[in-house]
Amino acid sequence: MASRSHRRTPLTRRRRLALATGVAVVAGALAVPAVNAATEATATTPSAKRLHDDFNGDGYPDLAIGAPGTTVNTQAGAGSVSVLYGSASGLSTSRRQVLKGPGVPEPEAWEGLYGTNLQSADLDGDGYADLLSSLKAYVMDLEDGYAVEVNWGGPKGLSATSTRLTWAPQGPWKGQFTVGDVDGDKHPDLVTLSNDNWMGEHPDGTDNGDGTVFHGPFGRDGRPAKKDYFRINPEDPQNYQAITAGDVNGDGVADLAVQSTFVDESDSRGVELLLGSADGFTYKGLLKDAQGRIIGGEDVEIGDLNKDGYGDIVVGHSNDSYDSDVELPTKGGALAVVHGGPNGVSTTRKPVWINQDTAGVPGAAEHGDGMGSGLSIGDTNGDGYLDVATGLPGEDFDGLTDAGTVLVLRGSANGLTATGYKSFSQNTGGVPGTAEKLDRFGTETALVDANADNRDGLVVGDPAENANNGSVWVFSATSTGITAGGSFSFGAATMGLPATVAKFGASLAD
């Protein structure tokens, strides 16, 4: 986040990824130098800020690519993760590790979808980032439900087998989680929603609330230091869908942005803010725009776009088909930016909406474009301001329906701006491939500084490419931002995996 709590500053959840070159590997362990940069850097150095994505401790962030549809042996939908290890020359498919989902004796009864909702953090405090993934349905000894699994980092890369951190029945939990230091003890914590059945029912009958914090550091057996339950909105509880961690009020402790729908109104979306502390969470209410309208969407990221020391909440409102969209500037999808401040939301900077009808933004807003999909945050030109990448997987052009594009907007002293934007599709010069209808290029994005030059390159995941086989594109960054020059793409077959309906690129580690 791998921050996802873990970007270039401690102000955002999603610091996804990495890049690689060099040494060929077999599935499982990777032979790489045992350099543990985490033990040699302070929390303020650039290398320390990248550590939550550095699985092998060599000082370069690493990229994990989820392909939850991968068939493993005869198990359809078992899932896989392909890891590319960072280096001074960036990312290469020759320096890789392949992880496969855990199996059970009856493959026809199992669909684990390993590689879903990938995130990274150093859970056990050993200086190496660890990789987390959701698992779904009939996993190992589980009945129908969801689990969070971790592959542990180390000097040779990630562990070939995963360890279960938590599990809950399918009903109260949908496998969504986030990681971040929500209690201020300098150890990342795992936060889940409605997780009221961790390793069995809570024995003392405690009210398990709307979510659970599993406090770090974790042991290698998967046990946290302790566990707490929390309520989100004690006065007016809603249905909670997803969760994001990042430091909004600048106190060095991760806060939570929780996506919700209203109990009495299914056609609704909101984002509710909770401030983290050593004493638990303080509820700050629903995010609203300058006109008092509730802000909601399908994706949320947190990062300091204007370099004022406070994380800004970026909400990706990619679905523009709700009744409430009639009253909002969200045609074709949109970004809502809510600026952070010492009490949570800034009292001096008003929230803003940005869509393709906003001055300076390329294209024209059309229903179904999906702007706000697959958000990621990072500094693409090294100016110290965090930028935002968003997919528009439903973008039509050249007579092609849902071919898809990716747009990168710059951070600045005044917040997010269209000045100096970058836009890419498969028909952009220098980008591999050819745009086709229903490709949905840009479903997932990630910004990552794999070569540690303080500029984040762009990774684009397109799980729908080639009839749901999926593919990933990698773009470099220069002092002027992302460039198509030298970009390359690859899919599951390059990783030595079955390609058919693998949905390669459906998740990028954050």
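Predicted model: local features only at pLDDT ≥ 70, side-chain atom pairs only at ≥ 80, totals over all residues.
Local features are reported only where pLDDT is at least 70, and side-chain atom pairs count only at pLDDT 80 or more, whereas totals for chains, interfaces and linings use all residues. Residues are numbered from 1 along each chain as its sequence is written, and side-chain values use heavy atoms, with hydrogens and water left out.

**Overall composition**

The chain has 2 helices and 30 strands, where helices (H or I, at least four residues) and strands (E, at least two) are DSSP runs numbered from the N terminus. Of the 510 residues in the chain, 59% are buried, a term that stands for under 20% relative accessible area, with exposed meaning over 50% and partly exposed in between (1.4 Å probe, protein chains only). The chain exposes about 17800 Å², of which carbon and sulfur atoms supply 49%; accessible areas come from the Shrake-Rupley method with a 1.4 Å probe, and for residues only the protein chains shown count as cover.

**Strand pairing**

Strands of a sheet pair through backbone hydrogen bonds, either parallel or antiparallel; here two strands are said to pair if DSSP finds at least two bridges between them.

| Strands | Bridges | Facing residues |
|---|---|---|
| β6 (145-151) and β7 | 6 bridges | Val-148 and Thr-166 |
| β23 (387-392) and β24 | 5 bridges | Leu-392 and Thr-405 |
| β24 and β25 (417-424) | 4 bridges | Val-406 and Phe-424 |

Strand β24 (residues 405-410) is largely enclosed by the rest of the structure, because 6 of its 6 residues are buried. Thr-405, Leu-407 and Leu-409 point one way from β24, while Val-406, Val-408 and Arg-410 point the other way, and all are buried. The hairpin of β24 and β25 has 6 residues between the strands, and in this hairpin Gly-415 takes a positive phi near 100°.

**Nonpolar cores**

A nonpolar core is a set of buried Ala, Val, Leu, Ile, Met, Phe, Trp, Tyr and Cys residues joined through side-chain atoms within 4.5 Å. The largest nonpolar core has 28 residues, of which Leu-123, Leu-132, Leu-165, Leu-190, Leu-256 and Val-258 touch the most other members. Strands that each supply at least two residues of this core include β6, β7, β12 (239-246) and β13. A second, separate core of 19 residues includes Leu-84, Val-98, Met-495 and Phe-504.

**Individual residues**

Contact means heavy atoms within 4.5 Å. Leaving out residues up to four places away in sequence, Leu-256 touches, among others, Val-191, Phe-230, Ile-243, Leu-274 and Phe-281.

Thr-261, found in strand β13 (residues 255-262), is buried with a relative accessible area of 16%. Its side chain and that of Gln-241 are joined by a polar contact of 3.2 Å, that is, a pair of N or O atoms within 3.5 Å in which, within protein, one must be able to donate a hydrogen and the other to accept it, residues adjacent in sequence counting only if both atoms are side-chain atoms.

Val-81 lies in strand β2 (residues 80-84) and is buried, with a relative accessible area of 0%. Among the residues that Val-81 touches, not counting those up to four places away in sequence, are Ile-65, Val-98, Tyr-114 and Leu-131.
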